[in-house]
Amino acid sequence: MKLALLVLIGVVGCALAQIAEEDEKAPRTLALPVPGLCAQRPKQWQFGNHNYFFSGDQREFTKGGKPAKVDWLGARNVCRRRCMDAVSMETERENQMIFDFVRDRNLSYIWTSGRLCDFDGCAEREDLHPTNIFGWFWSGTNTKMSPTNKTPAGWRGQPWSNTGHEKRPQPDNAEARINQTPESCMGVLNNIYQDGIKWHDIACYHKKPFICEDNDDLLNFIAHENPSLRL
């Protein structure tokens with residue numbers, strides 16, 4: 001069976017099976033960094049002191065020239081194995097850089113590390129209620145986002161969209177009212193609702209391409225455990 005799988009991979013001429021094996025067949029838990037993958041992680045461009053890459057520009061994450069699409073946890077895990085994480089736009093400059101990339105490449109959407117705190121332990125946090133306003137955070141850096149009903153301090157505009165499937169301001173958890181699936185993850189959508197490039201809450205099972213960003217904690221951990229490894 002393994003030999004047949006290797007032959008198949010060779011025939012398709014890419015390592016798309018790698019991303020499927022990493023993120024579809026593996027247990028649905030948060031992945032740990034892999035030293036070899038961290039050392040060989042793509043460094044497509046740099047912003048500030050972080051490296052970034054877009055999954056659609058890496059051969060192992062494409063099929064037929066098109067970006068492979070994975071769910072939210074799958075995107076994070078591909079990044080995390082490489083000492084990165086799905087992108088966290090914590091500043092207006094970084095957010096604009098990502099918006100520009102989405103626009104210039106004419107991407108329909110990407111995953112980010114944005115997540116709603118609606119899992120075990122969140123209900124007890126009074127500072128997170130109501131969660132649709134105060135409960136969003138960047139999981140890649142464990143940093144709370146600004147309240148969703150206000151423009152982030154120092155930003156010139158509101159990154160959350162003012163509309164969506166139900167024509168309500170984002171985040172609106174619309175899919176929960178359609179099929180009882182909460183919209184607990186955050187992505188960037190490109191004018192899907194004639195709203196420009198904006199943040200939207202999205203059910204985490206949807207599959208999208210993604211941007212990875214260096215994760216300082218993972219890089220420092222691997223550097224400490226592997227002092228001779230060049231990262």
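This is a predicted model: local features need pLDDT of at least 70, side-chain atom pairs count only at pLDDT 80 or more; totals for chains, interfaces and linings use all residues.
Q: What share of the protein's residues count as buried?
A: To count as buried, a residue needs under 20% relative accessible area. The protein has 231 residues in total, and the share of them that passes this test is 47%.

Q: What percentage of the contacts between residues at least 6 apart in sequence join residues at least 24 apart?
A: Start with contacts in the protein between residues at least 6 apart in sequence, then pick out those that join residues at least 24 apart.

Q: How much of the accessible surface belongs to carbon and sulfur atoms?
A: The accessible surface of the protein comes to about 12200 Å². Of that area, the part on carbon and sulfur atoms is 53%.

Q: Which elements give two or more residues to the lining of the largest pocket?
A: The largest pocket has a volume of about 300 Å³. Its lining has 19 residues, and lying nearest the centre are Glu175, Glu183, Tyr193, Ile202 and His206. The elements that give two or more residues to this lining are α7 (174-179) and β10 (197-202).

Q: How many nonpolar residues are in the lining of the largest pocket?
A: Sort that lining by class and you get 5 polar and 5 charged residues, plus the nonpolar group. The nonpolar count is 9.

Q: Which helix gives the most to the lining of the second largest pocket?
A: This pocket holds about 220 Å³ of space. It is lined by 13 residues, with Leu30, Trp72, Leu73, Arg76 and Arg115 the closest to its centre. By class, the lining divides into 7 nonpolar, 2 polar and 4 charged. With 3 residues, the top contributor is helix α4 (residues 72-80).

Q: How many of the residues of α4 are buried?
A: Let's walk along the helix: Trp72, Leu73, Gly74, Ala75 and Arg76 are among its buried residues. Asn77, Val78, Cys79 and Arg80 are buried too. So α4 is mostly covered, since buried means under 20% relative accessible area, and the count is 9 of its 9 residues.

Q: Cys83 has a positive phi although it is not a glycine; is Cys83 buried or exposed?
A: The phi of Cys83 is about 60°. Cys83 is in the loop between α4 and β5 (84-86). Because its relative accessibility is 0%, Cys83 counts as buried.

Q: What span does helix α5 reach from its first C-alpha to its last?
A: Helix α5 covers residues 92-104, which makes 13 residues. At 1.5 Å a residue you'd expect 18 Å, and the helix comes close to that. Its span is 18 Å.

Q: What covers the buried residues of α5?
A: The buried residues of this helix are Glu92, Glu94, Asn95, Met97, Ile98, Phe99, Phe101 and Val102. Just after the helix, by the way, Asn106 takes a positive phi of about 55°. What covers the buried residues includes β1 (45-47), β2 (50-54), β6 (109-116), β9 (185-190), β10 and β11 (211-214).

Q: Which residues does Ser184 touch, leaving aside its neighbours within four places in sequence?
A: Ser184 is in the loop between α7 and β9. It counts as buried because its relative accessible area is 3%. Leaving those sequence neighbours aside, Ser184 is in contact with Gly114, Arg115, Leu116, Asp118, Trp136, Ile202, Ala203 and Cys204.

Q: Where is Pro171 found?
A: The peptide bond from Gln170 to Pro171 is cis, with omega near -5°. The bond from His129 to Pro130 is cis as well, with omega near -5°, and Pro130 is in the loop between β6 and α6 (131-134). As for Pro171, its place is in the loop between β8 (143-144) and α7.

Q: What is the relative accessible area of Asn191?
A: Asn191 lies in the loop between β9 and β10. Its phi is positive, about 60°, although it is not a glycine. Asn191 is partly exposed, with a relative accessible area of 38%.

Q: Why does Lys207 count as partly exposed?
A: Lys207 is in the loop between β10 and β11. Partly exposed is the range between buried, under 20%, and exposed, over 50%. Lys207 falls in that range because its relative accessible area is 44%.

How values were computed. Residues are numbered from 1 along each chain as its sequence is written. Side-chain values use heavy atoms; hydrogens and water are left out. On a 1 Å grid over the protein atoms alone, a cavity is a set of points where a 1.4 Å probe fits but cannot get out, and a pocket is an open set with protein on both sides within 12 Å along at least five of seven lines; lining residues have an atom within 4 Å of a point. Grid points are joined across faces, edges and corners, and a volume is the space filled by probe spheres set on the points. Helices (H or I, at least four residues) and strands (E, at least two) are DSSP runs, numbered from the N terminus. Ala, Val, Leu, Ile, Met, Phe, Trp, Tyr, Cys and Pro count as nonpolar, Asp, Glu, Lys and Arg as charged, and the others, Gly among them, as polar. The expected span of a helix is 1.5 Å times one less than its number of residues. Buried means under 20% relative accessible area, exposed over 50%, partly exposed in between (1.4 Å probe, protein chains only). Contact means heavy atoms within 4.5 Å. Accessible areas come from the Shrake-Rupley method with a 1.4 Å probe; for residues, only the protein chains shown count as cover.
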